[in-house]
Amino acid sequence: MSVMGLAGTNRFLRTLGIYLIKRNRAFRSPLGQAMYLGYVSRRMRKLDKRPPFVHIETTNVCNARCTMCSYPIMQRPKGYMSDQLYLKILRDCAEMRVADVNLQYLGEPLLDQKICDRIREAKEYGFRVQMVSNASLLDEAKARGLLASGVDELRISMDGFTPKTFEDIRVGLKFEKVKGNVERFLDLRARHRGARPRVVMCFVGLAGNQSESKQFYDFWRGKVDLVLISQARDWAGQLPLVQLGATYSTSLPRVPCNHLWEEVIVLHDGRVTVCCESYDGQITVGDVREQPLAEIWRGPAYERLRRLHRENRAGEIPLCGACKYYAIW
């Protein structure tokens with residue numbers, strides 16, 4: 001992840017942490033590592049009761065076939081979350097006092113015709129609501145619907161500054177249409193009461209688009225609230241991304257993965273998984289159709305994963321053993 005565009009958010013601190021891990025000798029010293037591990041332990045104890053962030057996948061259907069995404073190789077059935085299940089998840093999250101929800105995981109949320117209603121329902125519970133979209137379907141009607149829904153943050157994935165680069169990566173989408181949709185949304189937001197939603201432009205760095213990252217950043221930084229530049233991942237070795245550039249890596253020993261304490265993912269069919277590498281639900285820790293989310297969060301399946309990470313035995317979990325992500329708490 002680049003420092004570019006991260007100031008003013010908690011992600012800046014995480015990026016700074018990555019930099020210090022790689023560059024700072026004091027941090028890499030035995031004392032520095034002991035201090036950091038002590039902080040991680042305190043953070044884990046604090047988060048044992050509830051996740052601060054829940055991803056709710058209202059649909060896993062997408063209209064794009066992006067080259068760096070696991071969607072094209074996903075095997076689980078595609079569908080949409082039922083109203084009954086969605087409202088049950090919101091109640092579970094409210095009972096756990098979850099602060100933030102993201103109404104997306106794998107899939108394009110604007111394909112869900114109920115997405116604006118679902119945002120309003122989440123806002124009625126007091127959640128801070130985020131959504132990630134490719135913006136290809138963000139026409140004027142949907143733009144006005146989102147502005148009226150109360151969504152707090154809209155992240156837009158674009159990954160290119162020229163039509164050819166964008167369309168080579170985001171297969172099935174058209175650059176000019178997406179760019180026009182985003183610009184119209186920003187114009188409507190400027191004329192709408194209030195500053196919501198916060199708009200974040202996202203760029204995943206690949207071998208074929210790295211040369212356009214600065215142009216992308218320079219173009220959007222004065223128009224949106226934040227520009228995020230990150231690097232492609234290989235989905236724990238499940239997607240060959242040799243041609244797509246760097247992934248997270250460090251020579252330091254790993255600490256327990258923060259995803260197991262900081263977030264949870266509910267798939268559209270109600271199954272619960274632990275991180276984005278588990279795109280097919282390869283790691284399933286429960287099902288909210290059968291038990292409350294709080295029971296799953298504190299249940300034996302989740303606790304086994306956390307214990308293995310705490311004991312430096314994450315390699316016994318196939319996905320974790322192949323994962324190149326280095327956790328920064």
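Mentor: Here is a look at one arginine, then at the cysteines. This is a predicted model, where local features need pLDDT of at least 70, side-chain atom pairs count only at pLDDT 80 or more, and totals for chains, interfaces and linings use all residues. Residues are numbered from 1 along each chain as its sequence is written, and side-chain values use heavy atoms, with hydrogens and water left out.

Start with arginine 306. It sits in helix H12, residues 300-310. Helices here are DSSP runs of H or I, at least four residues, numbered from the N terminus. Arginine 306 is buried, at 0% relative accessible area. Buried means under 20% relative accessible area (1.4 Å probe, protein chains only). Beyond residues up to four places away in sequence, arginine 306 touches Leu260, Trp261 and Trp297. A contact means heavy atoms within 4.5 Å. The arginine 306 side chain also makes a polar contact with the side chain of glutamate 303, at 2.6 Å. Such a contact is a pair of N or O atoms within 3.5 Å; within protein, one must be able to donate a hydrogen and the other to accept it, and residues adjacent in sequence count only if both atoms are side-chain atoms.

What about disulfides, pairs of cysteine sulfur atoms within 2.5 Å? The structure holds zero. For cysteine 257, the nearest cysteine sulfur belongs to cysteine 275, 6.4 Å away.

Definitions and conventions: A disulfide is a pair of cysteine sulfur atoms within 2.5 Å. Helices (H or I, at least four residues) and strands (E, at least two) are DSSP runs, numbered from the N terminus. Buried means under 20% relative accessible area, exposed over 50%, partly exposed in between (1.4 Å probe, protein chains only).
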